[in-house]
Amino acid sequence: MIKNISAEETYAIRKSILREGVDLPFKFDGDFNEETFHLGAFKNNKLVGIASLMKTESNLLSYKKQYQLRGMATINDARGLGYGSKIIDEVILQLKMMNIECIWCNAREVALDFYIKKGFSIIGNPFTFSQIGKHFVMYKKIPN
């Protein structure tokens, strides 16, 4: 099951999966902005996957109405079971209802195949976040 959750509910997974062994903030600027929303995937009432959606524009894209996908992660025990895919499906559904034109993210190199399978494309050149590694800006047009 995918449902809206609070920013605070994302923190444990962000910290353990996305920031494990990395001295970078797991709380994001924009977590509490009015336009921001957070989704959680649940298995047997346990939070196993998260994503945060923020109204932020990439200067690589010409779409007027964009949202950025941030902090997407699935706990190790639930990885590969389809929870990430279900989160993306719900993200697309909610953004479509909001008349958003495009979603984009800074994808880790290890996640490229996942995003490509979900219809995302790479734009621009790869870049490196210190302590985390190579990333790619990826985007997907929201279908009308």
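Predicted model: local features only at pLDDT ≥ 70, side-chain atom pairs only at ≥ 80, totals over all residues.

Phe37 and Tyr67 are both buried. In the whole structure, three aromatic pairs are found. Another of them brings together Phe114 and Tyr115, whose centres are 5.1 Å apart and whose planes stand at 75°, so that this pair is edge-to-face. Phe114, at 28% relative accessibility, counts as partly exposed, whereas Tyr115, at 7%, counts as buried; together with Phe120 they form one aromatic cluster.

Charged side chains also meet rings: Lys3 lies over the face of Phe42, 4.8 Å from the ring centre, and the charged end of Lys86 sits over the ring of Tyr83, at 5.8 Å from its centre.

The strands belong to an open sheet of seven, ordered β1-β2-β3-β4-β5-β7-β6, with mixed pairing. Because β1 (2–5) and β6 (121–129) stand at the edges with a single partner strand each, one side of each is left without a neighbour in the sheet. Within the sheet, β3 (residues 46–54) and β4 (residues 66–74) run antiparallel and are joined by five bridges, and Ser52 has Arg70 in β4 as its bridge partner. Helix α1 (residues 7–18) packs on this sheet, touching β1, β2, β3, β4 and β5, and its direction makes about 105° with that of β3. Helix α2 (residues 83–97) lies across β1, β2, β3, β4, β5 and β7, running at about 145° to β2.

Methods
Residues numbered from 1 in each chain as written. Heavy atoms only, no water. Pairing = 2+ DSSP bridges. Helix = DSSP H or I, 4+ residues; strand = E, 2+ residues; numbered from the N terminus. Contact = heavy atoms within 4.5 Å. Axes fitted to C-alpha atoms, helices over the stretch in contact; angles between N-to-C directions. Phe/Tyr/Trp six-rings, centres within 6.5 Å; stacked < 30°, edge-to-face > 60°. Buried < 20%, exposed > 50% of the residue type's maximum accessible area, 1.4 Å probe, protein only. Lys NZ or Arg CZ within 6 Å of the ring centre and 35° of its normal.
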